[in-house]
Amino acid sequence: MKLQKELTLADSICDLRTRKIKATFFSQINTLIDWESISKILDTDYSKGKSVVGKPSYDGLLLFKMCLLQSWYGLSDYEIEDRLNDSISFSYFCGMTIEQVAPDHSTLSRFRTALTKTNTFEKLFSSINAQLEAHNIIVKKGVIVDASVIETPLRPKGKTNHKVTEDRSEEELEVKKDYPDSVDKDGTWLKKRGKYHFGYKKHHVTDQEGLVLGVLTTTASKNEIANLEEVLNTVTVSLPKDIPLKADKGYQSKKNAVLLKKRKLKNHILKKALKNKPLTIWEKRFNKLIGKTRFKVERTFGGIKRWFNGGVARYRGIQKMHTQNLMEAMCYNLYRSPGIIASNSRK
């Protein structure tokens with residue numbers, strides 16, 4: 001018979017410390033964000049009404065905070081329901097009393113679906129970013145653009161036996177759509193560095209510290225180089241003139257150079273060597289200097305994967321995937337905010 005582990009004083013202290021760290025972070029976020037303005041957006045787009053048994057439905061802000069917790073901790077709808085009922089710090093963050101029972105998983109799912117249809121998550125993302133900018137957490141001295149592949153587990157089974165789009169190819173190939181119902185039919189194939197991926201791409205515009213300013217969701221086969229303007233249009237606030245835009249060399253094209261000039265953004269896209277025309281010494285120095293900042297967008301993608309178990313599709317369909325990407329971007333910006341405030345106070 002397996003013996004139960006004896007709880008030591010050290011275990012108790014560690015558990016208390018963990019709960020204290022969580023509570024401190026949640027208190028910081030509750031202090032930082034004006035939830036009343038968030039509630040107004042939710043109340044406009046989300047009709048609470050009555051439940052099927054005649055009881056008042058749950059408040060939209062409670063459900064939205066559940067979505068935040070869900071993204072921060074990489075939890076399913078079932079798991080967040082259980083954690084909210086078990087965790088004092090979770091329930092306190094959501095404004096619940098000790099007697100309240102958490103909304104069930106189906107309520108949360110319906111809430112997310114309803115707000116996806118009304119594009120409310122876009123409004124919430126914009127509102128939270130405006131508050132972070134007011135606190136000097138987001139500072140638009142420059143922007144960085146990049147894209148990352150998100151694979152879906154709802155992919156076709158077996159080997160890929162047809163041509164698929166190569167990464168960074170200007171030609172987007174048609175792919176089979178006669179998949180069974182078990183496959184996410186909004187996903188597409190992409191071949192990158194010799195490996196096949198099925199799913200989506202998230203395109204980020206960040207500030208120079210990697211905080212997300214704009215999010216675009218496309219299928220995996222979409223060429224990010226050709227849709228730079230569409231990506232920049234996701235930034236809801238105006239960008240200052242003459243700030244630099246940094247991106248990897250794949251974005252370097254005459255069309256994008258004209259676009260940046262039109263938008264009055266400095267072209268800090270990495271230089272790329274052409275056939276029979278290697279990089280000059282100046283261009284190599286330029287790339288090295290830009291690379292010192294450009295990597296921060298890759299750090300953002302990595303942070304979302306590492307901290308929130310992101311980078312994998314949780315839902316079916318491109319609309320719900322866009323909601324996932326927006327929620328993860330919001331959570332990333334909020335997660336880093338206390339540290340940025342502390343850093344700013346030391347300067």
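I'll start with a kink: helix H11 bends by about 40° at Ser337, shortly before the proline Pro338.

H11 covers residues 318-346, 29 residues in total. From its first C-alpha to its last it reaches 42 Å, close to the 42 Å expected at 1.5 Å a residue.

On confidence, the mean pLDDT of the protein is 86, and 85% of the residues reach 70 or more. The exception I want to flag is residues 1-21, where pLDDT stays under 50. For that stretch the model has 3 contacts beyond four places in sequence. Where pLDDT is low, the predicted coordinates should not be read in detail.

Now to H3, residues 60-72. Its axis comes within 9 Å of the axis of H11, and the two cross at roughly 80°. That makes H3 roughly perpendicular to H11. From H3, the contact uses Phe64, Cys67, Leu68, Ser71 and Trp72. They meet Met327, Met330, Cys331, Leu334 and Tyr335 in H11. By class, this contact has 9 nonpolar residues, 1 polar and no charged.

H3 also packs against H6, residues 105-117, at an angle of about 95°, with the axes 10 Å apart. H3 and H6 are therefore roughly perpendicular to each other. On the H3 side we have Gly60, Leu63, Phe64, Met66, Cys67 and Gln70. H6 supplies Thr107, Leu108, Phe111 and Arg112. Here the residues divide into 6 nonpolar, 3 polar and 1 charged.

Methods
Residues numbered from 1 in each chain as written. Predicted model: local features only at pLDDT ≥ 70, side-chain atom pairs only at ≥ 80, totals over all residues. Heavy atoms only, no water. Helix = DSSP H or I, 4+ residues; strand = E, 2+ residues; numbered from the N terminus. Expected span 1.5 Å × (residues − 1). Bend = angle between axes of the 7 residues up to and from the residue. pLDDT = per-residue confidence, 0-100. Contact = heavy atoms within 4.5 Å. Axes fitted to C-alpha atoms, helices over the stretch in contact; angles between N-to-C directions. Parallel < 35°, antiparallel > 145°, perpendicular 65-115°, else oblique. Nonpolar A, V, L, I, M, F, W, Y, C, P; charged D, E, K, R; others polar.
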